[in-house]
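The sequence and structure are shown first.

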Amino acid sequence: MARLMLLLLLIVPLILASYADSRQKAYTFKVSKDVYESIKVDANKESETFSLSLASSGKKEGDCVYDFNKNLTMIRLPEAKGCFLRYSIGNVPRPADLLKQLQLLPKSTDSKVTTTSEENFKVVGKLSDRSDLSDEMKDLCAKLPIYRIRKLNEKQNDADQTEDNVQHVDELDAPERVARGFIRKWVCKRICRRLRKCIRVPWIRCSWRGCKTYWRRKCWTVTICPRSCSWVWTTG
């Protein structure tokens, strides 16, 4: 009996460790000539991470972390020097389902994308409290500001339409007269840019003939309008 208990104590941790490992996988796929996408899935933590990088330099082009436990999406855009938090996940397969789909993918990584979904977002504020974020999100954006984003519907998108790289006067404070004939004003402007990134997500399509896995492109466009202020001299 003692030997049986000892054997169970040795075998059970190995089984549990093997089960945990089977629920944590990482895959890398070629997206284009110089761009690779890596997908990390952790079904234990209910999280997924999609990362784009350049094959020639290894430079990160963007990252997206899905936290299904808290229903959060974090997008990191290097060119924006910031991260963007969405309080929703949207239409993305859960980690356990994604693992099954990844395992069914053919060995060839150059599968064509069959559908594309587009989502547009606008920055609505800056996140000050990071305590509710997962460790992976905190590490991803440790040295970057985090902005809250909102998905634009068609009417909002029309109302908030802003051309790229166009300056808009946002605020004019009370002028201060400093010399005869000249006025100094504190002028604030916003220069808006649209940043777009896409990842590929595998999906399963089933029919009476069986199930087939295919790629679906998921794209985000984030409009950012950083504010800059300076003194401007004008004639009175």
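## Exposure of a loop lysine

In what follows, a residue counts as exposed when its relative accessible area is over 50%, and as buried when that area is under 20%. The model is a predicted one. K143 has a relative accessible area of 83%, and is therefore exposed. K143 is placed in the loop between helix 3 (135-140) and strand 8 (146-151), and its C-alpha atom is separated by 9.4 Å from that of K81, although the two residues are 62 apart along the chain.

## Aromatic pairs

A pair of aromatic rings is described by the distance of the centres and the angle of the planes. The count comes to five aromatic pairs. One of them is formed by F50 and Y66, with an edge-to-face arrangement at 6.0 Å centre to centre and 85° between the planes. This pair links distant parts of the chain, since F50 belongs to strand 3 (residues 47-54) and Y66 to strand 4 (residues 60-67), 16 residues apart. Both F50 and Y66 are buried.

Ring pairs also join Y27, F29 and W215 into a cluster.

## The chain as a whole

The protein chain contains four helices and 13 strands, and of its 236 residues 33% count as buried. Among the contacts between residues at least 6 apart in sequence, 57% join residues at least 24 apart. The chain exposes about 14,900 Å², of which carbon and sulfur atoms supply 53%.

Key. Residues numbered from 1 in each chain as written. Predicted model: local features only at pLDDT ≥ 70, side-chain atom pairs only at ≥ 80, totals over all residues. Heavy atoms only, no water. Phe/Tyr/Trp six-rings, centres within 6.5 Å; stacked < 30°, edge-to-face > 60°. Helix = DSSP H or I, 4+ residues; strand = E, 2+ residues; numbered from the N terminus. Buried < 20%, exposed > 50% of the residue type's maximum accessible area, 1.4 Å probe, protein only. Contact = heavy atoms within 4.5 Å. Areas by Shrake-Rupley, 256 points an atom, 1.4 Å probe, with all protein chains shown as cover.
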